Amino acid sequence: MSLYERLNARKNGQGAPSSEPESSPMLPQDSSEGQLGLNARLSAQRAEPPAEGMDESASAAQSESDPSWFIVHRDLESAPPASASQSRNPPVDPLAAVKEKAAQELFGRIGTRLNDSSLTEEQLHDLARKELAEIVAGEQLALTTAERNRLIDDIGADVLGYGPLESLLADSSVSEIMVNRFDRIYVERNGRLQETAYRFTGEPQLRRVIERIVARVGRRIDESSPLVDARLDDGSRVNAIIPPLAVDGASLTIRKFAGTPYTVHDLINFGSLTREVATVLDAAVQAKLNILVSGGTGTGKTTLLNVLSAFIPGNERIITIEDAVELQLQQEHVVRLESRPPNIEGRGEITIRDLVRNSLRMRPDRIVVGEVRGAESLDMLQAMNTGHEGSISTLHANSPRDAVSRMETLVLMAGMDLPLRAIREQIASAIDVIVQISRHKDGVRRVTHITEVHGMEGDVITLQDAFSFDYSAGYDQEGRLRGRIRPTGVRPRFAERIADAGIVLPMSLFQDQIFDFDEIGGIR
Ligand SMILES: Nc1ncnc2c1ncn2[C@@H]1O[C@H](COP(=O)(O)OP(=O)(O)O)[C@@H](O)[C@H]1O
Ligand SMILES: [Mg+2]
């Protein structure tokens, strides 16, 4: 099957993505407001008096007698609209006191078992329901059976589940959940931040949820280790940080695991890629070029890595190495490896570097590393330079040039005492292509550069853009960038390697003209 046919086949198997909703009914206030307004509000809220039920150590710092606090507050007093603060007072639940009491009681009875990772979720739920039924029966409430069951469900969701986060986790349009404080929950939808009306009943409930999440993965969070990374059963990534580091109370960030990963056609539909770029990247992956995806946090590096990995032919043996599994490859010949943090006693850590080294003994055709951020960069470069071609990885950097210097820094961190020039030579000969992705002001994530790593000139690594984003057209009325990524007109040297691999790419792809896919019976 030709490249174009493959792209075409993938496209046809793919439904159109849902369009961005105009507004969310859940929003306490208008969502049209830009990033700036939101930030202003966020800082204003931080200056509000601490709410009741908050951790004492957190509120002590902002005691009412502290005059500096009032100054900050008055400066920003108009920022949070009254309607927003009103909507923050949830309707009073007549059974709230009973629920809290029953939750505490349940905690007392089975608290230790909640953190027992040998129990499955199901066993845990059964156990909790049995105990809860007893506790609720002991309360002698005048409730119908339906009400009683409802009560048990609610308490169960609080103690066993993720409380108010449950519905946000279930909402597929939400990609990220940010709990700034127990009563300030934000989400990201379609690349935009929105405040939600959800809240925890108080700091204790938020802390219970956090403790439960981290305990399930065999970690703990307390004053001596107040920050933890964990993963939910569904693959979502969680970071929790609590006082004293988080000054205003515990904070939680959940990067939700996207159920079905975006395909190349989704990215094309979102405007993140053009078909020309997709075609070149597909060819580059097939021709076994070593590719580095570079971008900032949340710009879509991992998503793009997943799309690039999907271009790897099905007959090649792929080893994926990640901190927390995110990649979802459809090929059959895949071995997935995941690093491991040290346990509570500080032992048993297996780093990405350990896994990269191990993978070399696993006869890989391709090594896909989720993100290089440490000493493993050196091993990756060495692997790429010693016959393990076609490796793909991501790196946190803001431009292709920045990616190269980040890589240098990372290799220096490996502590091998290599001269800088030797490191640069390794980088220049190992990496073929840098794909830069950015999240633009209009919320759209776009590939902005396809850059070839040429080689060395003196002591400097030379880079040559084959494609770069054209910002000159400015923004349209909806505030979206009008421009697109265009070929620079310089035919990259890797085009040769693509041709050597037997893949035919028309020259016009690399020239600054709109490429007509129809001409080649192309994608549509
Ligand atoms: N091209 C894209 N268009 C829209 N949303 C995207 C795109 N790429 C990724 N996302 C979403 O952005 C979030 C961050 O993506 P991810 O690939 O994990 O970023 P990174 O690895 O750079 O931190 C995810 O929720 C993902 O679904
Ligand atoms: Mg990532």
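Leaving aside neighbours within four places in sequence, which residues is isoleucine 427 in contact with?

## A residue and its surroundings

Isoleucine 427, apart from its neighbours within four places in sequence, is in contact with Leu381, Val404, Met407, Glu408 and Ile461, where contact requires that the C-beta atoms of two residues, placed from the backbone, lie within 7 Å. The model is predicted, so that local features need pLDDT of at least 70 and side-chain atom pairs count only at pLDDT 80 or more, while totals for chains, interfaces and linings use all residues. Residues are numbered from 1 along each chain as its sequence is written, and chains are lettered from A and ligands numbered from 1 in the order in which they are written.

## Nonpolar cores

Ile427 is also one of the residues that touch the most other members of the largest nonpolar core, which has 67 residues, and Val277, Ala284, Ile291 and Val435 are named with it. A nonpolar core is a set of buried Ala, Val, Leu, Ile, Met, Phe, Trp, Tyr and Cys residues joined through C-beta atoms within 7 Å; a residue is buried if 20 or more other C-beta atoms lie within 10 Å of its own. Helix α12 (residues 275-286) supplies the largest share of this core, seven residues. A second core of 25 residues is separate and includes Ile177, Val187, Val209 and Ile242.

## Two packed helices

Helix α15 (residues 376-385) packs against helix α16 (residues 400-413) at an angle of about 110°, the axes being 7 Å apart; helices here are DSSP runs of H or I with at least four residues, and strands are runs of E with at least two. Axes are lines fitted to C-alpha atoms, for helices over the stretch in contact, and angles run from 0 to 180 degrees between N-to-C directions. That makes α15 roughly perpendicular to α16, a term for angles of 65 to 115 degrees. Ser377, Leu378 and Leu381 of α15 meet Met407, Leu410 and Val411 of α16.

## The sheet

Nine strands form an open sheet with mixed pairing, in the order β9-β8-β10-β11-β7-β12-β13-β14-β15; two strands pair if DSSP finds at least two bridges between them. Because β9 (334-338) and β15 (485-487) stand at the edges with a single partner strand each, one side of each is left without a neighbour in the sheet.

Within the sheet, strand β11 (residues 392-396) has four of its five residues buried, so it is largely enclosed by the rest of the structure. Strand β7 (residues 291-295) runs parallel to β11 and is joined to it by five bridges, with glycine 295 having histidine 396 of β11 as its bridge partner.

Conventions. A residue is buried if 20 or more other C-beta atoms lie within 10 Å of its own, exposed if 12 or fewer, and partly exposed in between; C-beta atoms are placed from the backbone. Angles under 35 degrees count as roughly parallel, over 145 as roughly antiparallel, 65 to 115 as roughly perpendicular and the rest as oblique.
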